Amino acid sequence: GVQTAASGSDIRYGVQIMASVKRLPDDAKEFLGYEAAFVKGEKFYKYIISVSEDPAVPKANLSKIKKNYPEAFLVKMECGGITRLK
């Protein structure tokens, strides 16, 4: 797993599947075999899959991902921060 918190002008998009107060191992069973990136927030580690520079990629995968993670939603990562997309 790679921490893909965007730095500088890099903008990435993905699907946030969960947040946890603890850092989960890259092979945690909660990820169901997905490779999950994470962004460390003030209180939570936020886990993101289907990460791409192209917002169409996570958008296309969202409905499939929601079968396993009903609470999943699209996010934009930039400058080390994360924003939920509508």
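This is a predicted model: local features need pLDDT of at least 70, side-chain atom pairs count only at pLDDT 80 or more; totals for chains, interfaces and linings use all residues.
**Strands, loops and charged pairs**

Ser50, however, belongs to strand β3, which covers residues 45-52. With a relative accessibility of 18%, Ser50 counts as buried, since the cut-off for that class is under 20%.

Now for the strand pairing. β1 is mostly covered, with seven of its ten residues buried. On the β4 side (residues 73-78), β1 pairs in the antiparallel sense over six bridges, and Tyr13 stands opposite Lys76 there. β1 also runs antiparallel to β3, with six bridges joining the two; here Val15 faces Ile49 of β3.

Back in the loop between β1 and β2, Lys22 turns up. Its relative accessibility is 57%, so Lys22 counts as exposed. Even so, Lys22 touches Tyr45 and Tyr47, leaving aside residues up to four places away in sequence. Lys22 and Lys43 are 21 residues apart in sequence, and their C-alpha atoms are 9.3 Å apart in space.

What about charged pairs? Side chains of opposite charge can pair when their charged atoms come close. The count comes to four salt bridges. One of them joins Arg12 to Glu53, with the closest N and O atoms 2.8 Å apart. Arg12 is in strand β1 while Glu53 is in the loop between β3 and α1 (56-68), so this pair ties together parts that are 41 residues apart in sequence. Arg12 is partly exposed at 22% relative accessibility, whereas Glu53, with a relative accessible area of 58%, is exposed.

Another salt bridge is between Glu30 and Lys29, whose side chains meet at 3.7 Å, N to O. Glu30 counts as partly exposed at 32% relative accessibility, while Lys29 is exposed, its relative accessible area being 69%. Lys76, the residue opposite Tyr13, shows up again in a salt bridge with Glu78, where the closest N and O atoms are 3.3 Å apart. Glu78 is partly exposed at 27% relative accessibility, and Lys76 is partly exposed at 22%.

Key. Residues are numbered from 1 along each chain as its sequence is written. Side-chain values use heavy atoms; hydrogens and water are left out. Helices (H or I, at least four residues) and strands (E, at least two) are DSSP runs, numbered from the N terminus. Buried means under 20% relative accessible area, exposed over 50%, partly exposed in between (1.4 Å probe, protein chains only). Two strands pair if DSSP finds at least two bridges between them. Contact means heavy atoms within 4.5 Å.
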